[in-house]
Amino acid sequence: MASLKPLSECCDALPPVVVAKAQQCGLHTVQDFLHLALPEGVSMFACPVQELRKWQRMLCELVTPKPASCLETLEKRKLSCLKTGIEGLDDLLRGGIHAGQVVEIVGPAGAGKTQFCLMMAARAVVAGGTAVYIDTESRFTVTRLFDMISICLGIEKDDAGDSATVRQCASRCMVCDADSLDSVQQRLAATSSIFQPQEGCSGEEHDACKGIIILDSLAAPARLGGAANNIQARQRTLNSISATLKLMASRLRVPVVVSNQVVGAARADGGSWTQGSNSRSTAALGLVWSHAVNHRLVLERFAPSDAPMPVASWRNLWVAKSSSAPVVAVPTRLCDAGV
């Protein structure tokens, strides 16, 4: 957010000597300076309280977002959008997955959640952005990513490994492992610098979608390790991670995709989770996490009567939660390109 702007970029509001003194005392962001208690600030800068209040007021004016017209907002949303390529879904989501949003992909084991994550990583790097892929279940497959990138570029899969274009795109996908909620937080903390805007970039380049952050999955580390045995500690950590993800999506102008598992009783017929009224399964991680996501997409196995073979590849992709779409299912299938 704007309050995390470095003080070094606020010389219009603060004298350089104040910025230097603040940094020496451990105040590096606008948020640090605004949270400074008045008595402590007066002692630190040896200034009247009125002067300290004036600096804080000027910082507030500097970082407070200015109102934007609906047309300006619409144009920015067009620039900062990453298409999924799934017929029907992009229209429902008003063009695709937008920067600043947290999108959750939910489903039972084998439904295609990781395939969706890999597909979005491939689309981000082909579009010229950077993909940060945090893998908590060792599901990331390099060859699969190469195949998806080559399909997006219209290159034969057999030639993907030798294609300079495919390799260049793949080099923009950063993969890291995480086996606990604490390590997830550490990986996220190290991610911010990757998406920082470069000096001299135009306003349009700044607003354009610079890539994507993918966490596959959040449920796995939440269910393993010590935190899984302490519900309160686990919930506090999950709340912190969800707040971090929303903050990074907004501040870094990137979409965030998080895969999640399901919990609940299995269906009597041996089928998978559905959106129907008879379903007794739901997304994992609880209500607090559920309210943190902007869109919830649910993958379930689905075999239409007139579907061509193989039937096992067909899925219903439900838009279960969205501010821009009703609850509706989009028929799709697992394929070489992803979902």
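**Notebook: aromatic cluster and core**

I began with F45, which at 12% relative accessibility counts as buried, a term that means under 20% relative accessible area, with exposed over 50% and partly exposed in between (1.4 Å probe, protein chains only). I kept in mind that this is a predicted model, in which local features need pLDDT of at least 70, side-chain atom pairs count only at pLDDT 80 or more, and totals for chains, interfaces and linings use all residues. Residues are numbered from 1 along each chain as its sequence is written, and side-chain values use heavy atoms, with hydrogens and water left out.

Next I looked up the aromatic pairs, of which the structure holds 3; rings of Phe, Tyr and Trp (its six-membered ring) pair if their centres lie within 6.5 Å, and planes under 30 degrees apart count as stacked, over 60 as edge-to-face and the rest as tilted. F33 and F45 form a tilted pair, 5.6 Å centre to centre with 40° between the planes. F33 lies in helix α2 (residues 30-34) and F45 in helix α3 (residues 38-45), so this pair ties together parts 12 residues apart in sequence; helices are DSSP runs (H or I, at least four residues), numbered from the N terminus.

I then found the rings of F45 and W55 with centres 5.9 Å apart and planes at 85°, so that pair is edge-to-face. W55 is buried too, with a relative accessible area of 8%, and ring pairs link F33, F45 and W55 into a cluster.

Last, I checked F116, which, leaving aside its neighbours within four places in sequence, is in contact with I86, I97, I105, V257, L297 and V339, contact meaning heavy atoms within 4.5 Å.

Key
Helix = DSSP H or I, 4+ residues; strand = E, 2+ residues; numbered from the N terminus.
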